[in-house]
Amino acid sequence: MTLFIEQCLNGLQFGLLLFMLAAGLTLVFGIMDLVNLAHGSLYMMGAYFAATFTALTGSFIAGAVVGLAATLVVGMAVEVIAMRRLYGRDHLDHVLGTFGLILFFNELVRIIWGPAGLSLPLPGWLQQPLSIFGFQYSAYRFSIIVVSLAVAAGLYLLVMRTRTGMLIRAGASNREMVGALGVNIKLLYTLVFGLGAALAGLAGLMNAPILTVQIGMGENILILAFVITVIGGIGSIRGALVAALFVGFIDTLGRSYFPDILREMLSPTAASTLAPALSSMLIYLLMAIVLIVKPEGLFSAGQR
Amino acid sequence: MRRTLLAAGAAIILAAGPAAAQNKTIKIGFVSTFSGPTAVIGNDMRNSFELALDHMGRKMGGIPVEVIYEDDQQKPDVGKQKTEKLIESDKVDFVAGYIWSNVLLASLKPVIDSKTFLISANAGPSQIAGELCSPFFFSTSWQNDQTPQAVGLYMNQKNVKSVFLIGPNYAAGKDMLAGVASTFKGKVVGQELTTWPTQLDFSAELAKAKASGADAIFVFYPGAAGVQFLNQYAASGLKATMPLYTAFTVDELSLPLQKDNAIGVPGAQQWVHDLPNEQNKKFVEDYRKKYPGLRPTYYGAQSYDAAQLINSAVVATKGNLSDKTAVQKAMEKADFKSLRGGFKFGNNHFPIQNFYLQDVVKDASGELSLKTVATIVKDDQDRFAAKCPMK
């Protein structure tokens, strides 16, 4: 039973982390109608900034805060310098342009930080395992859950309760109308893109101590973020949260229980070969089912 | 003016043509990973291979050497493509390198079919040691199972009664877990294979290991994944209750990132930088001189030995590489001063060699470093040699 609870916590942690990444992606996609493949690069930049500033300041918290601010600035700079040229163009142009940005950021990181990767060491108090519900759980993973929930709540308040949020929602539903009503859409776009970048950076820097900080770290996880965006419905923060939790739970629980189930049915060697491949397919299976049943995603922003 | 230039150009081409044919070079293709997160491994292999060539005066048996490095991007299909390019368009005399067993397995056939010699400087899949063995294949590393087998023996010494195995789901990962299970006398209570190389979060696997109640955990995670695994293992709080045993997870490349998490985590290796033979001392010293700030690893040492093995064959055949049988016979002798202090080839062209216990210590300059603690097994031959039809 403790194993099940622990795996659920792992799933929750992974899902919430994916939510941070997907929330930014879905905002940019929904409001600006921009396919941003370079979202994973901002995730990587967040991790690199945090590792660098943590090493400079000697404090993980300070490093994370400065790193987050730096990612926000980079995100806004990318919007002003590169993304503005892409609005109103075909999605294929977005894909090509932002794919170029991926290459640019990977090479930039290689030039500045070298090819070997960095490590982001945790302070002692986060490294100690925590005793909750009568079993040991990584304090750091638990803190990711807490921080992500706080960010999700903050994002909810921002989007649902503030004037900026109202504009964001309006932008997601009907962009042209918002512009026609005299809203400074340029500033709104820069803001939304910066917010998305900061969320991606936060996900990157929170994931950095668990994984390592390395070139291309954002590319694999970006695929999952896109899956979440598709499942949740483009432009919907609520959809991103629900879909991210689905994906987190399915991935973690699938990985831990699917092999055992297969072992009951197949020979041990066949099961151990097949299980990792099949369990990593479960997420895409979910996506396929959602696309068949509700092609616009679980919570489509346009229809709300 | 134009006419004179053309004439001059033609003259140069005519002059260069026959000269190139006379001026024979030894062409070596080197396939490894030079991009992505595991590029540090490929770079270490290239650095050591280059150092070996420097030590030889960049000539083998008086003939200049040309090396073409190709990046396999850690992908079997790319590795195969690059290997085919080396053979078909560059027409190399030898192919060397290969970090990853799945890349090597994909690339093997085109090399063997063209009767080119392939020297694996790292990967040692069980298939090539057994039924797929070939007169044209040589290894200057090990067969995958051997290192974890040594770890299994060490766990017996430490009186470990049960173990949980975790490794990546590809050719080498499967070999490693099978290897440790073959010598470990206690019970293997569970085994997890993870998606390779994309899965980097091991929380679900660590939770299962914890729930299994095993005495110890054995892992194989080369490159960056080893750093991630060790970080997550330390954070999970298992260090106090479930000691970790490793193969190819803690090395001089991952250590600067693993830091204190690697202290007290034992591993096995056929080469450690402090092996006390003369040629190894020279290698380590010159490596640090040539590449300041870097430390050589077993990947590099094996690549250095690969260059030496090729050199020994070129010298023995006096550069007549068209006599394939003579080249093969020369290489089978392993007539060179290996950095690990000498080894013999078995019938399947895999080394018969010692395996040492390695530990992480702070060296004189206060940096974390690997240290040879004991010899676990002497003159070990892999367990697939009997399946190889070569005598």
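Helices here are DSSP runs of H or I with at least four residues, strands are runs of E with at least two, and both are numbered from the N terminus. The model is predicted: local features need pLDDT of at least 70, side-chain atom pairs count only at pLDDT 80 or more, and totals for chains, interfaces and linings use all residues. Residues are numbered from 1 along each chain as its sequence is written, while chains are lettered from A and ligands numbered from 1 in the order in which they are written.

**View 1. Chain A as a whole.** Chain A holds 13 helices and two strands. Its C-alpha trace spans about 65 × 50 × 35 Å along the principal axes. The radius of gyration, taken over C-alpha atoms, is compared with a globule rule of 2.2 Å times the number of residues to the power 0.38. For 304 residues, a compact globule would come near 19 Å, and the 20 Å of chain A agrees. A residue is buried if 20 or more other C-beta atoms lie within 10 Å of its own, exposed if 12 or fewer, and partly exposed in between, with C-beta atoms placed from the backbone. In chain A, 49% of the 304 residues count as buried. Two residues are in contact if their C-beta atoms, placed from the backbone, lie within 7 Å. Among contacts in chain A between residues at least 6 apart in sequence, 77% join residues at least 24 apart.

View 2. Strands pair if DSSP finds at least two bridges between them. Here four bridges join β1 (residues 129–132) to β2 (residues 135–138) of chain A, and the strands run antiparallel. S131(A) has Q136(A) in β2(A) as its bridge partner. Two residues sit between the strands of this hairpin, where F133(A) takes a positive phi near 50°.

**View 3. The side of chain A that touches chain B.** In this interface, 30 residues of chain A are in contact with 28 residues of chain B. On the chain A side, the elements giving two or more residues are α1 (2–32), β2, α6 (139–161), α11 (237–265) and α12 (268–279). Of these, α1(A) gives the most, with five residues. The residues on this side of chain A divide into twelve nonpolar, 15 polar and three charged. Nonpolar means Ala, Val, Leu, Ile, Met, Phe, Trp, Tyr, Cys and Pro; charged means Asp, Glu, Lys and Arg; the others, Gly among them, are polar.

**View 4. Backbone exceptions in chain B.** Most residues other than glycine have a negative phi, and most peptide bonds are trans. R58(B) has a positive phi, near 55°. This residue lies in the loop between α2 (39–55) and β2 (59–60) of chain B. R58(B) counts as partly exposed because it has 13 C-beta neighbours inside 10 Å. N159(B), also not a glycine, has a positive phi of about 60°. Its loop runs between α6 (146–157) and β7 (162–168) of chain B. N159(B) has 9 C-beta neighbours inside 10 Å, so it counts as exposed. The peptide bond from W196(B) to P197(B) is cis, with omega near 0°. P197(B) is in the loop between β8 (187–194) and α8 (203–212) of chain B.

**View 5. V189(B) and its contacts.** V189(B) belongs to strand β8 of chain B. With 15 other C-beta atoms within 10 Å, V189(B) is partly exposed. Neighbours within four places in sequence aside, V189(B) is in contact with S162(B), F164(B), S212(B) and A214(B). P389(B) lies 200 residues away along the chain, and its C-alpha atom is separated from that of V189(B) by 35 Å.
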